[in-house]
Amino acid sequence: MRTFYPLLLLMLLIAQSASTQAADLNGAWTDDASACGQVFTKENNKLAFRKDADLHAGGLIVQGKQITGTFQRCTVKSLHDDGPNMKVIASCSDGVAISDVAFDVKISGENRITLSSKEPVPMEMLYVRCSM
């Protein structure tokens with residue numbers, strides 16, 4: 001379930017349409033830049049996960065307020081821009097249950113973001129945008 005937390009964070013970033021940083025988050029993101037071709041594909045000009053993408057690396061597809069991982073789909077409910085960080089609350093579903101999740105998103109460089117959360121377990125993950 002390593003895509004769950006990053007998925008929520010990205011969704012929240014996208015929800016803030018006034019932020020140019022948030023608008024720049026659309027696209028394919030992975031925790032292993034060398035695995036972009038094994039995780040994502042473009043079908044009919046739309047981003048999609050390749051079959052068995054989760055076996056190669058964690059990944060997210062951000063499209064507006066929607067963030068999709070290989071196992072979850074999230075919708076941004078609220079976003080608070082706090083300088084270099086964004087605090088996000090998203091509603092996520094794994095197809096069985098729906099829950100709200102809070103995350104922090106930090107732009108950590110060009111085409112790089114760091115997603116972090118304190119609950120239920122503290123974690124921090126770096127994601128790189130794939131050129132597609």
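Me: Where is the place of threonine 30?
Reply: First, a heads-up: this is a predicted model, where local features need pLDDT of at least 70, side-chain atom pairs count only at pLDDT 80 or more, and totals for chains, interfaces and linings use all residues. Residues are numbered from 1 along each chain as its sequence is written, and side-chain values use heavy atoms, with hydrogens and water left out. Helices (H or I, at least four residues) and strands (E, at least two) are DSSP runs, numbered from the N terminus. With that in hand, threonine 30 has its place in strand β1.

Me: Is threonine 30 buried or exposed?
Reply: Buried means under 20% relative accessible area, exposed over 50%, and partly exposed in between (1.4 Å probe, protein chains only). Threonine 30 has a relative accessible area of 0%, so this residue is buried.

Me: Which backbone oxygen lies 2.8 Å from a polar atom of the side chain of threonine 30?
Reply: Polar contacts are pairs of N or O atoms within 3.5 Å; within protein, one must be able to donate a hydrogen and the other to accept it, and residues adjacent in sequence count only if both atoms are side-chain atoms. The side chain of threonine 30 has a polar atom 3.3 Å from the backbone nitrogen of aspartate 32. As for the oxygen at 2.8 Å, that one belongs to glycine 58.

Me: How do the eight strands of the barrel follow one another, and in what order?
Reply: Two strands pair if DSSP finds at least two bridges between them. Eight strands close into a barrel with antiparallel pairing, in the order β1-β4-β5-β6-β7-β8-β9-β10.

Me: How many bridges join β4 to strand β5?
Reply: On one side, β4 pairs with β1 (residues 27-30) in the antiparallel sense over four bridges, and isoleucine 61 of β4 is the bridge partner of alanine 28. Isoleucine 61 also stands opposite threonine 68 in β5. β4 and β5 (residues 66-68) run antiparallel, and the bridges that join them number three.

Me: Which residue takes a positive phi in the hairpin of β4 and β5?
Reply: This hairpin has two residues between the strands. The positive phi, near 65 degrees, is taken by glycine 64.

Me: Why is strand β4 described as largely enclosed by the rest of the structure?
Reply: Strand β4 covers residues 59-63. It is largely enclosed because, of its five residues, the number buried is four.

Me: How many residues does the largest nonpolar core have?
Reply: A nonpolar core is a set of buried Ala, Val, Leu, Ile, Met, Phe, Trp, Tyr and Cys residues joined through side-chain atoms within 4.5 Å. In the largest one, the residues with the most contacts inside are Trp29, Leu60, Val105, Ile113, Leu115 and Tyr127. The elements giving two or more residues to this core are β4, β7 (85-93), β8 (98-109), β9 (112-117) and β10 (123-130). The residue count of this largest core is 16.

Me: Why is the pair of phenylalanine 40 and phenylalanine 49 called tilted?
Reply: Rings of Phe, Tyr and Trp (its six-membered ring) pair if their centres lie within 6.5 Å; planes under 30 degrees apart count as stacked, over 60 as edge-to-face and the rest as tilted. A search of the whole structure finds one aromatic pair. The centres of the rings of phenylalanine 40 and phenylalanine 49 are 5.4 Å apart, and the pair is tilted because the planes are at 35 degrees.
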